[in-house]
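Visitor: Before we discuss any labels, could you show me the sequence and the model, so that each term can be held against its criterion?

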Amino acid sequence: MKKNENKKEEHRRPKCRRCGRYGAVITKYNLYYCRHCFREIAEKMGFKKYS
Ligand SMILES: [Zn+2]
């Protein structure tokens, strides 16, 4: 039962294209990065939002 539910979740949930995590993935602006990766990328891109 739980296995099936998880499989459905995997298909429905967006996956981080950097680390492959299914956590809090940001799909806005077609980013598809989890919060962790987005933070690193944002820093590289010059965003100071999290600093
Ligand atoms: Zn990630």
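Visitor: Why is R21 called partly exposed?

Guide: R21 has 16 C-beta neighbours inside 10 Å, and because a residue is buried at 20 or more and exposed at 12 or fewer, with partly exposed in between, R21 counts as partly exposed. Bear in mind that this is a predicted model. R21 is placed in the loop between α1 and β1.

Visitor: Which residues is R21 in contact with, leaving aside its neighbours within four places in sequence?

Guide: With those neighbours left aside, R21 is in contact with C16 and C34, and the criterion for such a contact is that the two C-beta atoms lie within 7 Å. R21 and R35, which are 14 residues apart in sequence, are 9.9 Å apart in space from C-alpha to C-alpha.

Visitor: What does C34 touch, not counting residues up to four places away in sequence?

Guide: On that basis C34 touches C16, C19, R21, G23, A24 and V25. C34 also belongs to the largest nonpolar core, which has five residues and includes C16, V25, Y33 and F38 besides C34.

Visitor: What makes F38 buried?

Guide: F38 has 22 other C-beta atoms within 10 Å, and since the cut-off for a buried residue is 20 or more, F38 is buried. F38 has its place in helix α2, residues 35-45. Not counting residues up to four places away in sequence, F38 touches I26, L31 and Y33, while the C-alpha atoms of F38 and V25, 13 residues apart along the chain, are separated by 8.7 Å.

Visitor: Why is R13 called exposed?

Guide: R13 has 12 other C-beta atoms within 10 Å, and because exposed is defined as 12 or fewer, R13 is exposed. R13 is found in the loop between α1, residues 2-12, and β1, residues 25-26. The C-alpha atoms of R13 and T27 are 10.0 Å apart in space, and the two are 14 residues apart in sequence.

Visitor: How do you know that N30 counts as exposed, and what can be said of its phi?

Guide: N30 has 6 C-beta neighbours inside 10 Å, and because the limit for an exposed residue is 12 or fewer, N30 counts as exposed. The phi of N30 is near 60°, a positive value in a residue other than glycine. N30 lies in the loop between β1 and β2, the latter covering residues 33-34.

Visitor: Why is Y32 called partly exposed?

Guide: Y32 lies in the loop between β1 and β2 and has 16 other C-beta atoms within 10 Å; because that label covers what lies between 12 or fewer and 20 or more, Y32 is partly exposed. Y32 has a positive phi of about 55°, although Y32 is not a glycine.

Visitor: What pattern does the protein follow along the sequence, and what percentage of its residues count as buried?

Guide: The pattern is α-β-β-α, and the secondary structure comes to two helices and two strands. Of the 51 residues, 10% count as buried. Among contacts with a separation of 6 or more, residues 24 or more positions apart account for 0%.

Visitor: Which of the elements has the lowest mean pLDDT, and which the highest?

Guide: The lowest mean pLDDT among the elements is that of α1, at 61, and the highest is that of β2, at 94. For the protein, the mean pLDDT is 80, and 69% of the residues reach 70 or more.

Technical notes. Residues are numbered from 1 along each chain as its sequence is written. This is a predicted model: local features need pLDDT of at least 70, side-chain atom pairs count only at pLDDT 80 or more; totals for chains, interfaces and linings use all residues. Helices (H or I, at least four residues) and strands (E, at least two) are DSSP runs, numbered from the N terminus. A nonpolar core is a set of buried Ala, Val, Leu, Ile, Met, Phe, Trp, Tyr and Cys residues joined through C-beta atoms within 7 Å. pLDDT is the predictor's confidence in each residue, from 0 to 100.
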